[in-house]
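The sequence and structure are shown first.

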Amino acid sequence: MGATAEQYLRQLDTGRRPDLPETTAGTLRLDVRDDGSTDHWYLTIADQHVRVTRSAEDAELVVRADRAVFDRMVRGELHPGAGLLRNEVTVQGNMQLLMLLRRIFSGPDGARHPRELGRAALAGRAVPAGRAVTTARGGRP
């Protein structure tokens with residue numbers, strides 16, 4: 001089984017995150033509810049970096065959910081948008097920042113970006129010299 005949201009956030013690498021858009025910046029507060037108490041995690045995103053602290057300060061987006069819901073998001077079992085539609089997640093503020101959670105949370109173990117899979121497939125399909133690659137309809141790619 002994968003990490004919990006707390007474990008993941010505690011060890012989140014503060015290095016550059018090329019999967020985040022270069023121009024995106026903002027603050028998110030994750031309110032993680034469990035047994036009548038709430039833990040607050042404050043994420044500051046800027047220049048493809050994520051800094052995590054423990055704070056209940058106001059943020060541009062506040063995301064609230066039970067601990068189990070955040071754990072599922074960290075493991076890639078629940079997309080934040082799907083959690084919102086199912087009322088498992090509530091948000092207040094700049095909704096555009098909600099989709100950053102999907103990029104910040106690692107997803108399932110061994111998961112790879114679809115682009116990586118496509119590049120690997122193309123690299124494994126070497127084309128002999130002098131031969132053109134065509135699409136299923138007979139045209140050039």
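## Setting of Arg 29

Arg 29 lies in strand 1, residues 26–34; strands (E, at least two residues) and helices (H or I, at least four) are DSSP runs numbered from the N terminus. The model is predicted: local features need pLDDT of at least 70 and side-chain atom pairs count only at pLDDT 80 or more, while totals for chains, interfaces and linings use all residues. Residues are numbered from 1 along each chain as its sequence is written, and side-chain values use heavy atoms, with hydrogens and water left out.

Arg 29 counts as buried because its relative accessibility is 8% (buried is under 20%, exposed over 50%, partly exposed in between; 1.4 Å probe, protein chains only). Its side chain reaches the backbone oxygen of Glu 57 at 3.1 Å. Leaving aside residues up to four places away in sequence, the residues that Arg 29 touches include His 40, Trp 41, Tyr 42, Asp 58 and Arg 64 (contact means heavy atoms within 4.5 Å).

An open sheet of 5 strands has the order 3-2-1-4-5 with mixed pairing; two strands pair if DSSP finds at least two bridges between them. Strand 3 (49–53) and strand 5 (89–93) are the edge strands, each pairing on one side only.

Strand 1 pairs with strand 2 (residues 37–46) in the antiparallel sense over 9 bridges. Within this strand 2, Thr 44 is the bridge partner of Thr 27.

Terms used. Polar contact = N/O pair within 3.5 Å; in protein donor to acceptor, adjacent residues only side chain to side chain.
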